[in-house]
Amino acid sequence: MRNAVAQVTPEIEQRVQELRQLLQNASYAYYVLDNPIMEDAVYDKLYRELQDLETEHPELVTPESLTQRVGEKPASQFSSVRHNIPLYSLENAFNIEEFAKWQERWQRYAPSQIKEGQEGFEYVCELKIDGNALALTYENGVLVRGVTRGDGITGEDITQNVRTIRSIPLRLKTETPPPIVEVRGEAFLPISVFEQINQEREEAGESLFANPRNAAAGTLRQLDPRIVAQRRLDFFAYTLHIGSQESGIVGAGLEDNLPEEQITLQQNPPSSNPKSRALPIPEETSGTQRPKIQNPKSQWEALELLQTLGFRVNPNRKLYTSLEDVRDYYNYWDTERRNLPYMTDGVVVKLNSFELQEQLGFTQKFPRWAIALKYPAEEAPTVVKNISVNVGRTGALTPLAEMQPVQLAGTTVQRATLHNSDRIAELDIRIGDTVIIRKAGEIIPEVVRVLPELRPPDAQPFQMPTHCPVCNQPVVRPAGEAVTRCINTSCPAILKGALTHWASRHALDINGMGEKLVEQLVDKGVVHSVADLYDLTAEQVASLERMGKKSAEKLVGAIANSKTQPWPRVLYGLGIRHVGSVNAQTLVQQFPTVEQLASASAAQIEGVYGIGPEIAQSVCQWFRVPANQALIDRLRQASLQLAADVSTIAESKNQTLSGKTFVITGTLPTLKRDDAKALIEKAGGKVTNSVSSKTDYLVVGEDAGSKLEKAQELGITQLSEAQLLELLED
């Protein structure tokens, strides 16, 4: 017998409205203002209440509800969308002299009263965020579409992914929204998140993202919005256009302003969901009065309006009236941008007046009233001496350019990854080529371009090997992947990588087992799997080069001590693709024993919060391989920990530092930084690499650097090691 559908009462409908407004206000304060107004536990309780009400009454579900931020089903593909207003590029200037010439050019097109000095003008300076441009369409105040820049005329519809970005409001904060509002801005990946993603990819044996911009672009084009949500993209808005269904969009005068041939919404109307029932916004909104929209008359007013409507706007904007002020702003951020929690590669300068912008118009490519004043990337030429291929522990073949040493961003660089065969073909790089290299995002060395005019006449194109350079077995390139792999599980390179990973600090932490020792153990045929380590004797180890009796005894003792390492570390040490140390902890919370995890289906694993389909499939497939099942049996016989301590799981669910963010700087008196991080995370806290307004505590040791200065500027609480331990004890 089918259950009767619960009736929607006015009280229920009112409660749903109240919950949405409370959660929206709290989310806006946290993600946009960096000023939380609600405890995490309270937010979670209200969110769960709203979720339960919407489950019980699905007819009340609306697209702007915060419960709808992450879609359930991945997209099969992205559809192309023609922009209502083209996204124009900006003309670039690379120094103040070029900026001054741009000023002279636009003044030639300016109204006569400005030329004669009868009326002044203002410049708005904004940091140029190194991310990916998005166009967001709001229909009657509700987000209905998010589109990538594409070629400026046509982009990809990634609405599901855009909805996962917490700093993008699902509903505008206004009582009387216009029928159509289009907002432009930059989606980006904070540096701390980028570093964490790359660390997890390295731990999982995956290729690293070259820089935060590439990582953000790759994230936005993920077909599964749950993966996008995990990567915590952010967004700064910088322009808006207001219009109506009848008249189309009227530009607010920014760099995407309308050309002479206005493109109206009738040609490509935003898609709305006719099945969803839009609830009215309550009259009272917890003391927050929603503003009415008035068309801004300047860029400065537009930025303030965007912030009022619920968007995050970059706080480092300035309004100036002279070229000298612009120069000082540009020079200041040339140094200070290195202290920002996100990447920026220049300054965008716009004439403030929309009326003046409209009078100046456009060239064939650029608006005349705006320019990007960019910082030149630090680049250097060098010569490629060789292209080698490294085989990682997952079998991935990674080509490396070995170059004449060169100084770059304060360090000596002589190797740079070439990623894969597609990148090699794109660059057409050859041994003997002169290349330009730079540090992508000032982090990872990369080859920018080849100078073919300096190429030696006998240089030959490089081809990826058809056989593994280590074991000489055939390699494969799986369909849909850019990486070529060796699939021989007995490959010495894969075994060496697996042993080194097993002994690493975040895994079994076997002190004294470095790469050189691992090479000897494999090359001499002493060890054929990680399980063989637990059969080693001191005599076997002592027979190796540079290993005396005492050193051998210490190593065997360290291997024996590793048997006490907990199940999450063992799981991470197994080296399953896509499973980093954080994911291992998450999986163990749901699957406390190896038997439970090994018998779980991909759907059950994917059901764990924070675990995506790639991880689930990888884990499921790993445990289906007979050789891996045999490895688990041998580790069990060796008495390793393959089950979590129940009391440890109970402790982790009652975490006293939950919701608190820490940064550690300098050298601590007794604790290693990793140990301090582990203690904080065990108590529920989060440790990041960069200080920001969201940081709660800075743990300070000796020789603290710029992080301490930044924390002092932001008024962040500082802790010594003793104070940290006291806080953990409390």
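Biologist: How many helices and strands does the protein chain have?

Modeller: The protein chain has 26 helices and 23 strands. Helices (H or I, at least four residues) and strands (E, at least two) are DSSP runs, numbered from the N terminus. Keep in mind that this is a predicted model, where local features need pLDDT of at least 70 and side-chain atom pairs count only at pLDDT 80 or more, while totals for chains, interfaces and linings use all residues. Residues are numbered from 1 along each chain as its sequence is written, and side-chain values use heavy atoms, with hydrogens and water left out.

Biologist: OK. What percentage of the residues count as buried?

Modeller: 50% of the 730 residues of the protein chain. Buried means under 20% relative accessible area, exposed over 50%, and partly exposed in between (1.4 Å probe, protein chains only).

Biologist: Let's do sheets. What is the strand order in the open sheet of four strands?

Modeller: The order is S21-S20-S22-S23, and the pairing is parallel. Two strands pair if DSSP finds at least two bridges between them. S21 and S23 stand at the edges with a single partner strand each, so one side of each has no neighbour in the sheet. On average, neighbouring strands here are turned by 35° against each other, direction ignored. Angles run from 0 to 180 degrees between N-to-C directions, and axes are lines fitted to C-alpha atoms, for helices over the stretch in contact.

Biologist: Which helix packs on the sheet, touching S20 and S21?

Modeller: Helix H24 (residues 673–682), and its direction makes about 170° with that of S20. Contact means heavy atoms within 4.5 Å. There's also helix H25 (residues 706–714), which lies across S20, S22 and S23 and runs at about 145° to S22.

Biologist: How many residues of strand S20 are buried?

Modeller: Five of the five residues of S20 (residues 661–665), so the strand is largely enclosed by the rest of the structure. In a regular strand the side chains alternate between the two faces of the sheet. In S20 both faces are covered: Thr661, Val663 and Thr665 are buried on one side, Phe662 and Ile664 on the other.

Biologist: How does S20 pair with S21, parallel or antiparallel?

Modeller: S20 and S21 (residues 686–688) pair in the parallel sense, over three bridges. Val663 stands opposite Thr688 in S21.

Biologist: What about S22 and S23, how many bridges there?

Modeller: Three, and S22 (residues 697–700) and S23 run parallel. Tyr697 stands opposite Thr717 in S23.

Biologist: I clicked on Leu719. Buried or exposed?

Modeller: Leu719 is buried, at a relative accessible area of 9%. This residue sits in S23 (residues 717–719). Leaving out residues up to four places away in sequence, Leu719 touches Phe662, Tyr697, Leu698, Val699, Val700, Leu724 and Leu727.

Biologist: Switching to helices. At what angle do H21 and H22 pack?

Modeller: Helix H21 (residues 613–624) and helix H22 (residues 626–637) pack at about 80°, with their axes 5 Å apart. That makes H21 roughly perpendicular to H22. As for the cut-offs, angles under 35 degrees count as roughly parallel, over 145 as roughly antiparallel, 65 to 115 as roughly perpendicular and the rest as oblique.

Biologist: Which residues make the contact?

Modeller: Trp622, Phe623 and Arg624 from H21, and Pro626, Asn628, Gln629, Leu631 and Ile632 from H22.

Biologist: Last one: what is phi like at Arg232?

Modeller: Positive, about 55°, although Arg232 is not a glycine. Arg232 lies in the loop between helix H8 (225–230) and strand S8 (234–244), and counts as partly exposed at 37% relative accessibility. Asn472 also has a positive phi, near 65°, and is exposed, with a relative accessible area of 55%.
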